[in-house]
Amino acid sequence: MFEDLHLGGILVSTVRNAPVLIFAAMAGLFAERSGVIDIGLEGKILASAFVSAAVAFTTQNPWYGILAGMAVSVALAMLQGYVAITQKGNQLVGGIAINIAMSGLTFVVAQYFFQQGGRTPDLGEARLFDVVLPGSAAVADVPGLGWFYTKLVGGHSVLVYLAFALVPLVHWVLYHTRFGLRLRACGENPHAADAAGVSVEWTRYAAMLIAGVLCSFSGAYLAIVQSGFFLRDMSAGAGYLALTAMVFGNWRPVYTFLGCLMFGLFGAVQIQLEGVDLPVVGRIPGSLIQMVPYVVTVIVLAGLMAKSVAPKAIGIPFVKSR
Amino acid sequence: MTTNDMPRWATGFVLPILNLLSALLVAALVIHLLGEDPVDSLRILVNSAIVNPEGLSYTLFYASTFIFTGLAVSIAMQAGLFNIGAEGQMYFGGLGLTLAMLAFDASMPAIVLIPLGMIGAALFGALWGFIPGYLQAKRGSHIVVTTIMFNFICASLMNFIIVKYMIPVGEQNTASRAFSVASEMPRLNTLIPALGDTPLNISFLIAIAALVVYGVMVWRSAWGYKLRATGLNKHAAHYAGVKISGMIIVVMLISGALAGLGSVNSILGSTHYLSLGFVNGAGFVGIAIALMGRQHPVGIFLSSVLFGALIQGGFDLSLEKPNIPTETFIFIQGLIILFCGAMENLYAPAIIKLLKARKG
């Protein structure tokens, strides 16, 4: 049976699946560490996926697509910030509203512009190219190393490398910079941060801005790297999955990253397992494998594997005390 | 002066109306940008959803489902729980109903069969609400995240069950076999022929009864007092002798059962079989309805009718105006949730100012 389960293929597609989750989870990390629940990741991913695809197709330039997706995602993050920070409204409701609204709006606008059932045309040349690492040709035929260097490490788009590079960067920003310290203070005890002279409002807005930028990469990656077009509701719960990777990772960048890798692995295994006869259980239908990450998350949340501790002030609007 | 100091007519009526109008204004702007006339669109919408008796009948048919999902979200909200899982709970409730039908629809008369279906729907819905409730109460896992997970788990699980076990041999349609005629909910057009040939059925009357029971339970019973106390201040309620974890579990059971009952109108009232994804967002609409109706029976009724009208009118509108597909109304739903739920106090400062100016 294991001949059918191509281990190398699984690893490569794990690397290719993970960036969508990594970008979104790191975005959520900034927002939630500052005290704002970011359940609107899904909507931002979807909006930036559509806008990136639409602009990349129209201009035939993937970079313009990424920039446009970023603008839209940041605008949505600011709206979320306005609801959560200025209006002191319910952050969960605000995020869910954005998710539902974007699920409808992206379809309507895609249909209006392209008339293809809420899909954008194939991007073709406007897709982001894969990087060929120097010396790939030389080692390509070396067994093991050739696969490792050209398929696993090399041969991905820039966004994949950005996603993996982001993790140590986020760790450094959160734990080793003044901004990171203030950000965490706003999420744990905003009144103390306020007393220390930190503007809680501006720190949270800054966190939302970063979240918007990071989240846009997730959508752009989905549309102009992975699939090469936009499709209705193509994020398919990636935003929620990223959020759970973050809960799984205890709101810490490195563990969150491991959570994303785990979910990426499930996605890869699911495709590989489809139609493969396993001993004892036989064929496992795809719909059941699809369930696994969600079930794992529930088990983690139930504290059966590890206890996750959220930032203390998460979801609570900050009202300056007098 | 905060919103608490505002008169009740202002918080309960003026604010929601202003928020709703804001949402519709943004929607109108988008419709305008799509190159269609918002005023003309509104006219078509109102005509086909409210004025035309057959359209109104469809509106109330959709509203019957929404009242149940709205009640499901509302009762959880009364206890301070944000149940996002109505979608999955209704879907799973549909499975309970279907199992009851598949077992008994050939041998039982309607008078037994329909209550049996309702019990099946409520039980399965309650089960799907119970697990997140139990995990929240006993393990402290956040109800929002678990109910979202349960929506996904339910979607996959139902996909598996329907495809593997429900599709009759030789059929292509991803749905169970059709139930016998005895299982059909009596339609209201047999009483009022003017309604035309529409699926509006006695579920609507049951939904109204549920609204009344909900109102009495929440505001006129000792249990409702404990429920609201839990929602307002968990710690104070605990001091006053409310067993919080028990309360959470019971509320999630009721919430899930109500969401499950939403499937009765959809399945026994209209399709007469279980099909893939039949819930189609009704659970999420329930969130909007609970927020806009401020968890009050009258508010829930009015917003359910509004959403029913948006669906019915939106369907006709999309036929006449190709640039406004039915998905536009998913967007408008999101806008309504945003304005009526997340930014509910957007206009409060202005109104407070206005009231002060009049007094002083």
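In chain A, 79% of the contacts with a separation of 6 or more are accounted for by residues 24 or more positions apart, a contact being heavy atoms within 4.5 Å. The model is predicted, with local features needing pLDDT of at least 70 and side-chain atom pairs counting only at pLDDT 80 or more, while totals for chains, interfaces and linings use all residues. Residues are numbered from 1 along each chain as its sequence is written, chains are lettered from A and ligands numbered from 1 in the order in which they are written, and side-chain values use heavy atoms, with hydrogens and water left out.

Chain A holds 13 helices and 2 strands, these elements being DSSP runs numbered from the N terminus (helices H or I, at least four residues; strands E, at least two). Its C-alpha trace spans about 70 × 50 × 40 Å along the principal axes. The radius of gyration of chain A is 20 Å, which agrees with the value near 20 Å for a compact globule of 322 residues; this radius is taken over C-alpha atoms, and the globule rule is 2.2 Å times the number of residues to the power 0.38. Of the 322 residues, 57% are buried, meaning under 20% relative accessible area (1.4 Å probe, protein chains only). Chain A exposes about 13300 Å², with 67% supplied by carbon and sulfur atoms, by the Shrake-Rupley method with a 1.4 Å probe.

Turning to chain B, its secondary structure consists of 14 helices and 0 strands. The C-alpha trace of chain B spans about 75 × 55 × 35 Å along its principal axes. For 360 residues a compact globule would have a radius of gyration near 21 Å, and chain B agrees, at 21 Å. Buried residues make up 56% of the 360 in chain B, and its accessible surface comes to about 15400 Å², 67% of it on carbon and sulfur atoms. Among contacts in chain B between residues at least 6 apart in sequence, 77% join residues at least 24 apart.

How do the two chains meet, and what area do they bury between them? The size of an interface is often given as the accessible area lost when the parts come together. Chain B and chain A bury about 3400 Å² between them, 81% of it on carbon and sulfur atoms; this is the area, with a 1.4 Å probe, that the two parts lose on being put together, summed over both. B:R139, B:M149 and B:F152 supply 16% of the area that chain B buries against chain A, more than any other three residues. The contact draws on 39 residues of chain A and 38 residues of chain B.

Technical notes
Buried means under 20% relative accessible area, exposed over 50%, partly exposed in between (1.4 Å probe, protein chains only).
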